[in-house]
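This report describes parts of one protein model, heading by heading. Please keep the sequence and the structure in view while reading.

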Amino acid sequence: MGDPLLQVAGLRTHFFTRTGVVRAVDDASFTIDRGEVLGIVGESGSGKSITGFSIMGLIDPPGRIVDGTLRFDGTDLRGLSGDQMRTLRGRRIAMIFQDPMMTLNPVLRIDTQMIEALTAHIQIGKDEARARCRDALGMVGIPSPEERLSAYPHQFSGGMRQRVAIAIALLHKPDLIIADEPTTALDVTIQAQILYEVQTLVHTQNMALMWITHDLSVVAGLADRIAVMYAGRVVESGATERIIERPIHPYTQGLIGSVPSRSARGARLNQIPGMAPSPSNLPEGCAFRPRCAYATAQCGTVPENREVVAGRWARCHHPLSGDTEDRVASAS
């Protein structure tokens with residue numbers, strides 16, 4: 001097997017404010033291969049979106065990447081100049097934002113915006129550009145794409161606007177798409193359609209997809225692998241099915257336990273006690289320690305990210321074996 005398309009190792013993105021340093025991402029590591037969907041999961045404030053923005057080179061002052069490796073298809077992204085990153089961004093790495101109106105200009109027609117996204121990176125005739133835009137709209141399931149090219153964003157529903165944003169991201173057939181909770185505000189039916197279309201496109205185009213979400217039920221049916229983030233760190237990663245069925249980090253277990261289940265209709269949902277820590281005031285050692293039922297004095301030191309079982313990585317001194325109470329031997 002060759003090198004992964006994207007390799008993130010030891011990423012640290014901090015914001016230097018008047019009140020102190022906000023460690024939004026604090027040692028995150030993962031990889032993504034071509035044709036693979038990686039789900040990045042965690043509570044609000046866990047560093048998911050900032051991780052995506054860091055990869056895209058969209059961190060503005062007072063924030064900056066202070067450490068770590070971002071390697072895309074063998075290229076060190078941190079070593080690129082602003083112009084070099086702009087050439088890469090949109091063409092080989094694309095991002096779909098949570099709010100499509102962050103992508104779409106409300107006063108410009110859809111064809112104007114899509115053609116501009118094309119001509120920013122390649123020389124192409126107007127007719128050919130329009131044809132590619134029309135095909136991209138059809139690819140994401142927008143009916144009558146030729147007619148809809150002449151429409152304005154306000155003439156689309158929220159789901160259709162999100163499809164347009166996805167179509168723009170697909171124009172250059174990028175190698176990697178970073179999707180930042182793009183279906184959160186959509187109804188369940190439209191969400192399911194978009195998830196199916198995106199998954200199909202990933203496999204047919206052999207592109208990689210990084211899907212950022214707080215919704216485990218979404219990635220359970222979409223992602224090949226999951227990376228669970230907490231307080232700016234990836235605390236568990238592995239194959240989706242194995243993580244959903246047998247979590248080995250107490251935080252992952254808490255997340256899964258809080259999801260409603262048909263098999264426990266009417267039963268009280270499990271709840272992770274306490275609140276997620278502020279990234280400007282993280283506890284010493286394991287950041288999950290104040291909320292963890294298995295915490296010991298050993299948890300006052302930062303646990304290493306280690307392979308607990310084959311293909312399963314966790315950042316925990318007392319990882320679970322996958323059953324509720326049984327634990328694997330602690331790290332030495």
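## Buried and exposed

A residue is called buried when its relative accessible area is under 20%, exposed when it is over 50%, and partly exposed in between. The model discussed here is predicted. Asp26 has a relative accessible area of 4%, so Asp26 is buried.

Strands of a sheet pair through backbone hydrogen bonds, either parallel or antiparallel. Strand 1, made of residues 6-17, is joined to strand 2 by 10 bridges in the antiparallel sense. Arg12 has Asp26 of strand 2 as its bridge partner.

Gly63 belongs to strand 4, which covers residues 63-72. Is Gly63 buried or exposed? With a relative accessibility of 8%, Gly63 is buried, because that value is under 20%. Leaving aside residues up to four places away in sequence, Gly63 touches His14 and Phe15. From Gly63 to Gly74 there are 11 residues in sequence, and their C-alpha atoms are 25 Å apart in space.

## Strand 9 and its partners

Strand 9 (residues 225-230) is mostly covered, with 5 of its 6 residues buried. On the parallel side of its pairing, 4 bridges join strand 9 to strand 3. Val228 in strand 9 stands opposite Val41.

Strand 9 also pairs with strand 10, in this case antiparallel and through 6 bridges. The bridge partner of Tyr230 is Arg233 in strand 10. Strand 9 and strand 10 form a hairpin with 2 residues between them. In the turn, Ala231 has a positive phi of about 55°.

## Salt bridges

Side chains of opposite charge can pair when their charged atoms come close. To count as a salt bridge here, a side-chain nitrogen of Lys or Arg must be within 4 Å of a carboxyl oxygen of Asp or Glu. The count for this model comes to 19 salt bridges. One of them joins Arg233 and Asp26, whose closest N and O atoms are 3.1 Å apart. This pair links distant parts of the chain, since Arg233 is in strand 10 (residues 233-239) and Asp26 is in strand 2 (residues 20-32), 207 residues apart. Arg233 is buried at 10% relative accessibility, and Asp26 is buried at 4%. Both residues are part of a network of salt bridges that links Arg12, Arg23, Asp26, Asp27, Asp67, Arg233 and Arg315.

Asp73 and Arg34 form another salt bridge, with an N to O distance of 3.6 Å. Here too the pair links distant parts of the chain, 39 residues apart: Asp73 is in the loop between strand 4 and strand 5, and Arg34 is in the loop between strand 2 and strand 3. Asp73 is partly exposed, with a relative accessible area of 36%. Arg34 is partly exposed at 36% relative accessibility. A further salt bridge joins Asp111 and Arg130, with closest N and O atoms 2.8 Å apart. Asp111 lies in helix 3 (residues 110-119) and Arg130 in helix 4 (residues 126-139), 19 residues apart. Asp111 is buried at 4% relative accessibility, whereas Arg130 is partly exposed at 23%.

## Cysteines

A disulfide is a covalent bond between the sulfur atoms of two cysteines. How many disulfides does a search of the whole structure find? The search finds 0.

Cys299 is buried, with a relative accessible area of 7%. Cys133 is buried as well, at 1% relative accessibility.

Note on methods:
Residues are numbered from 1 along each chain as its sequence is written. This is a predicted model: local features need pLDDT of at least 70, side-chain atom pairs count only at pLDDT 80 or more; totals for chains, interfaces and linings use all residues. Side-chain values use heavy atoms; hydrogens and water are left out. Buried means under 20% relative accessible area, exposed over 50%, partly exposed in between (1.4 Å probe, protein chains only). Contact means heavy atoms within 4.5 Å. A disulfide is a pair of cysteine sulfur atoms within 2.5 Å. Two strands pair if DSSP finds at least two bridges between them.
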